[in-house]
Amino acid sequence: MLRSRERVNAPNRRANLCLPIFLSIMIPIRRLALAAIVLNVALIAIRVSSYRQLLAMPGSVSFIAKPLIVLAVYFAVVMWMTSVSGDRAVALSIGTSFGLVTAAVQIIHLFIESFVPTEELVTGITALVFMVGTFLLWTVAGYVAGRRGASVGAAATAGSWAAIVCMLILVAVGLALSFVPIPSVSYVSTWSEFRESGWTDATAFGIANTFDSAYSHLLVGPIAGAITGAIGGLVGRQIPSRTLTRP
């Protein structure tokens with residue numbers, strides 16, 4: 001009877017031992033993601049309040065609301081993903097590391113795009129190189145998770161989480177640049193999209209364009225990260241592990 005009770009209680013003891021490790025990983029990750037979400041919401045609110053003429057433009061409310069709605073979804077996703085144990089803790093740890101790396105890569109591209117004048121062809125090639133590089137790094141995140149024994153689903157989580165971290169940081173930097181403003185009002189006024197929009201305020205259109213870009217990046221990023229992470233996880237699980245054999 002005592003032995004049977006010990007066998008029943010063994011999983012509970014293992015779970016209790018793993019809980020502090022799980023919390024030590026998840027709490028900092030959750031705080032980082034939530035801080036980034038709050039920062040993005042604050043930047044949107046401050047930018048709108050600092051240029052109220054934006055609200056007078058037709059359809060401007062949708063440009064403001066869309067990124068805020070996605071950020072609210074991010075909040076729910078972060079709370080859920082950082083509340084489940086198992087191999088997801090490993091996936092989020094890996095995803096955070098690769099998310100920070102890809103955020104740095106994308107910020108470099110953003111600054112090149114914003115401050116380095118180049119021809120249209122060079123701009124397109126540069127954007128493609130940085131995008132492919134980012135996707136490859138998200139794939140590597142899934143690959144690393146797969147090599148550590150995580151499931152394909154956990155590998156997809158690693159890639160998607162890397163994208164979430166990356167996009168939250170990148171969007172915050174992009175929103176901050178809108179205060180400069182980047183791009184310049186004179187440049188925005190030459191856009192065909194601005195001339196065809198019916199808007200009369202190029203500054204307001206530039207801000208709305210930044211909000212729309214933030215929305216699309218926040219929406220598409222995690223989906224692309226999940227796909228590339230799953231691919232990396234499949235590759236990582238298919239490659240046999242090297243085992244050391246003693247002579």
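**Cavities, core and a helix**

A: The lining of the second largest cavity consists of six nonpolar, no polar and no charged residues, where Ala, Val, Leu, Ile, Met, Phe, Trp, Tyr, Cys and Pro count as nonpolar, Asp, Glu, Lys and Arg as charged, and the others, Gly among them, as polar. This is a predicted model, in which local features need pLDDT of at least 70 and side-chain atom pairs count only at pLDDT 80 or more, while totals for chains, interfaces and linings use all residues. Residues are numbered from 1 along each chain as its sequence is written, and side-chain values use heavy atoms, with hydrogens and water left out.

Q: Which residues line the second largest cavity?
A: Its lining is made of L32, A33, A36, V165, L168 and I169, a lining residue being one with an atom within 4 Å of a cavity point, on a 1 Å grid over the protein atoms alone where a 1.4 Å probe fits but cannot get out. At least two of the lining residues come from each of α1 (2-50) and α5 (152-177), helices here being DSSP runs of H or I with at least four residues, numbered from the N terminus.

Q: Which element gives the most to the lining of the largest cavity?
A: That is α8, with five residues. By class, this lining has seven nonpolar, five polar and no charged residues.

Q: Switching to the core, which residues touch the most other members?
A: In the largest nonpolar core, which has 60 residues, they are L54, Y74, W161, L168, W199, F211 and L218; such a core is a set of buried Ala, Val, Leu, Ile, Met, Phe, Trp, Tyr and Cys residues joined through side-chain atoms within 4.5 Å, and buried means under 20% relative accessible area with a 1.4 Å probe, protein chains only. The most residues in this core, 16, come from α5.

Q: What is W161 in contact with?
A: Beyond its neighbours within four places in sequence, W161 has contacts (heavy atoms within 4.5 Å) that include I29, A33, V78 and M81.

Q: Last one: what do the buried residues of α4 pack against?
A: They pack against α3, α5 and α8, and among these buried residues are F130, W138 and G142. Just after α4, G149 takes a positive phi of about 95°.

Conventions: 1 Å grid on protein atoms, 1.4 Å probe; cavity = no way out; pocket = protein on both sides within 12 Å on 5 of 7 lines; lining within 4 Å. Buried < 20%, exposed > 50% of the residue type's maximum accessible area, 1.4 Å probe, protein only.
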